[in-house]
Amino acid sequence: MAEIRNYDVVIVGGGTAGCIVAAKLSEKGIDPSTGAKLKIAMIEAGAYLKGDPRPGYGIPLRRQSYTNIPRDIKFGRNYVTPQGRGRGVGGSSLVFGSGAWTPFDEDYDEWQEETGVDWTKENFKPAVDEALRVFNVHLQPPATFSNRRSTELFRKTAEGMGYELRPGHGRAVKNCIFCGHCADRQLCKYDSKQGTLVTHAPIADRNGVDIIANARAKRIIIERSGGRAVARGVVIKKLDLPDHIYPGDEFADWDSAREITVLAKKVIVSCGDLETPPLLFASGYGSKEDCGDRLIVENPNVGRNIDGHYGEGGQVGVVGLFDERVSGQDGGWGVDEFLHFQTKVGDDRIVLLNGYGAPPFYGFFHGIPERIALSPFAPPAGQVFADAIPLLPPFGQAHKDFMRGICNPWVEPTEASMRAREPMLRAARIAVDTKLPRRAPRGRITSESSVQIFGPEIVAYSRETGKEERIYRSIHPEVHKTFAAGQEIAKKILEKMGAKKIIAEPIIPRGGLTFKWLVGGVRAGVDPKNSVINQNFESHDIDNLMIVDAGSIPRSPTLGLFLTVGITAIFASDRIVARHFTRRRQ
């Protein structure tokens, strides 16, 4: 006999947004008719590493689970954790790099222009303030900064050219030792990184939310009632494993998992940018093309209108070579100060950044030889810089000795290895970032969670991030034109900084460009013709169905995604409580 469970609310997805919604509804929401406490369930496909946080120390369960796994070891689909990429309560906030940026003023303007939502800076302010407090967002301490020469030179030059620089080194951390581990998209074993596993899941747990881990949603239950479609719950498959163990996507036996029907008065979907559209397709909600014979409610915007960033803030840049040292570990033990400014290219905004992959690449000290051997400004083997210091010896034993000395972080530096690093200390880099230009077509997400944007998607393992990345070896001409315009600005800055040689990196690197910070697949708007949910996160087409995750956001924010998703989820939770879970006046 099929197992059936009943709740007032079921939240499908326990990631960044789902944990926030669960915590806030459990704190503030009540049954509007009786005033009784809500009975809430949260479904998560991965593990739940339960425990109240101890920032700076961690707890035994998480310290045992989060090991400093070497780059070249993979567990299932992702080396970062045995739980898999973003799998587990906390979702993507488990593996984000701790960087935290609030939306720019222009982001709010673009959201309103795109779909008419009332998501103004003023309306969002309470959610922004709460997010900054809850996630403990603050600028990284100056004492930790490295690469100070290049930063100051960039600051002085860009400001002298009239650009308004902003600090970009905001961190969502508490009691952090700035070990740099999370910058490699690792989980924080010390509970210092303020993802929603440590900020919101404990609140939901204490307030009685039934957190159902190792459970994957098969479909939302959608029925017709009086001519309207109504969401009644969700059908899930539950692995027979302890909550804290998830075997990885490639090894999870979902076919043999136990099926459970979870009935609820309200269904809130928070599966994330890549997984919410496929779940809706499987439930019969979307276009005829995507749903096929399962179609119940048609809305062609589901899975469409995908916006995002090529290169994730630093894959395209310009390198300047100087006569003197401008880079290097000249203080601190963390990362660069990370300054940026935005400017217009036609109707589009671009951002130029220092300190994002700036030489000397951290691979010099952390064992990533291809960042040296294959860097776009490295001369062919045997050639030299102006000071006659060879960067790469010819292949053979000399090359092996060079790579062993320059790339091994455990080897004591020698005079020869430090001399070999010298040319890279005379290099500075400015990165160029852009979201999709207005004239470029938007992407779509298929039922297999593939992102179709421009040209074929390639899913490949990246040794730089240790993850399987979605990369593209062709881009729209408008994207290419925007990147090229940004590189021209970067060249002028490097020239004024005093660079003797300036090298523009390939706009499409050898491995291809990543496409990240995805939004829009279930975007909010006032018109059902170009959106999926309204500005209160309620489905245009299906009663009792709400969607709160990155896909709700009409356009990708200027920088980063974690904090914008967190802010949006806080904003959404307050609206949902006010509209659905507040005591009705008699």
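Mentor: Happy to! A residue is called buried when its relative accessible area is under 20%. By that rule, 60% of the 586 residues in the chain are buried. Please keep in mind that this is a predicted model. The chain holds 15 helices and 24 strands, and 76% of its contacts with a separation of 6 or more join residues 24 or more positions apart.

Now to the pair. Two packed helices are described by the angle between their axes and the distance between the axes. Here, helix H1 covers residues 16–28 and helix H15 covers residues 562–580. Their axes lie 9 Å apart, at an angle of about 30°. Angles under 35 degrees count as roughly parallel, so H1 is roughly parallel to H15. The crossing of H1 and H15 is right-handed.

Which residues of H1 and H15 make the contact? On the H1 side, they are Thr16, Ala17, Ile20, Val21, Lys24, Leu25 and Lys28. H15 brings Phe562, Val565, Gly566, Ala569, Ile570, Ser573, Asp574, Ile576 and Val577. Sorted by class, the contact of H1 with H15 has ten nonpolar residues, along with three polar and three charged ones. Among the charged residues are Lys24 and Lys28 from H1 and Asp574 from H15.

Conventions: Residues are numbered from 1 along each chain as its sequence is written. This is a predicted model: local features need pLDDT of at least 70, side-chain atom pairs count only at pLDDT 80 or more; totals for chains, interfaces and linings use all residues. Side-chain values use heavy atoms; hydrogens and water are left out. Helices (H or I, at least four residues) and strands (E, at least two) are DSSP runs, numbered from the N terminus. Buried means under 20% relative accessible area, exposed over 50%, partly exposed in between (1.4 Å probe, protein chains only). Contact means heavy atoms within 4.5 Å. Axes are lines fitted to C-alpha atoms, for helices over the stretch in contact, and angles run from 0 to 180 degrees between N-to-C directions. Angles under 35 degrees count as roughly parallel, over 145 as roughly antiparallel, 65 to 115 as roughly perpendicular and the rest as oblique. A crossing is left-handed if the near helix is turned anticlockwise from the far one by less than a right angle, and right-handed if clockwise.
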